[in-house]
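Subject: Structure for your files

Hello,

Here is the structure I said I would pass on. My notes on it follow below.

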Amino acid sequence: MKKIVFAIAFAFAAPAAFAQVQQPQAKAAQAQPSLEQRAEAITAGFTKNLRLSPQQTQKVYTINLTSLKNAEEAKLKYKNNPKKLVNQMDMISQTRLSQLKDVLTPHQFQQYQQRREEKMGVPSQMQSNPAARQQNAAYQDSY
């Protein structure tokens, strides 16, 4: 008898608990920032860390927004073809990097590259050292 009462109580409590778990996920999906907000946040980081001029800030914002839009379009277009998606994302990344290099001063671009490598977890001996990168690439290819 106790098992039946427990089973009935569990049956009524489980949906309520499940609904409580689902609500934060639904709120998280709604709370995702727009592409413009994400571009603004990225650009704010650039402006703060690299001390961009107002003109550079506007250009970097445009580059960031365009890259984010292109990435979202690629995700939708190639969602069933991961290999093409990776290639497209690489192309978007390289285009963005090239555009940033044109806007930033050489010193700012070097700082950007260094921070980017740190965030990506590139070992410190490999950071901004093309000779070490080539050695590592040759080492990786040998496997």
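The largest pocket holds about 620 Å³ of space. A pocket here is worked out on a 1 Å grid over the protein atoms alone, as an open set of points where a 1.4 Å probe fits, with protein on both sides within 12 Å along at least five of seven lines; lining residues have an atom within 4 Å of a point. Grid points are joined across faces, edges and corners, and the volume is the space filled by probe spheres set on the points. Of the 22 lining residues, Ile-42, Phe-46, Arg-96, Tyr-112 and Arg-116 are the closest to the centre of this pocket. Helix H2 (35-50), H3, helix H4 (82-103) and helix H5 (106-120) each give two or more residues to the lining. By type, the lining divides into 10 nonpolar, 5 polar and 7 charged residues. Nonpolar means Ala, Val, Leu, Ile, Met, Phe, Trp, Tyr, Cys and Pro; charged means Asp, Glu, Lys and Arg; the others, Gly among them, are polar.

Some points on the source. This is a predicted model, in which local features need pLDDT of at least 70 and side-chain atom pairs count only at pLDDT 80 or more, while totals for chains, interfaces and linings use all residues. Residues are numbered from 1 along each chain as its sequence is written, and side-chain values use heavy atoms, with hydrogens and water left out.

Overall, the protein has 6 helices and 0 strands (DSSP runs numbered from the N terminus, at least four residues of H or I for a helix and at least two of E for a strand). Of its 143 residues, 22% are buried (buried is under 20% relative accessible area, exposed over 50%, partly exposed in between, with a 1.4 Å probe and protein chains only). The protein exposes about 11,100 Å², of which carbon and sulfur atoms supply 58%; the areas come from the Shrake-Rupley method with a 1.4 Å probe, and for residues only the protein chains shown count as cover.

The largest nonpolar core has 11 residues, including Phe-46, Leu-50, Val-103, Leu-104 and Tyr-112. Such a core is a set of buried Ala, Val, Leu, Ile, Met, Phe, Trp, Tyr and Cys residues joined through side-chain atoms within 4.5 Å. H2, H3, H4 and H5 each supply at least two residues of this core, and H4 gives the most, with 3 residues. A second, separate core of 5 residues includes Leu-35, Tyr-61, Leu-65 and Leu-68.

Beyond its neighbours within four places in sequence, Tyr-112 is in contact with Phe-46, Leu-50, Arg-96, Leu-97, Leu-100 and Leu-104 (contact means heavy atoms within 4.5 Å). Gln-56 lies in helix H3 (residues 54-77) and is buried, at a relative accessible area of 11%.

Arg-51 is found in the loop between H2 and H3 and is exposed, at 70% relative accessible area. Its phi is positive, about 55°, although Arg-51 is not a glycine. Most residues other than glycine have a negative phi.

In helix H5, His-107 counts as exposed at 51% relative accessibility.

Regards
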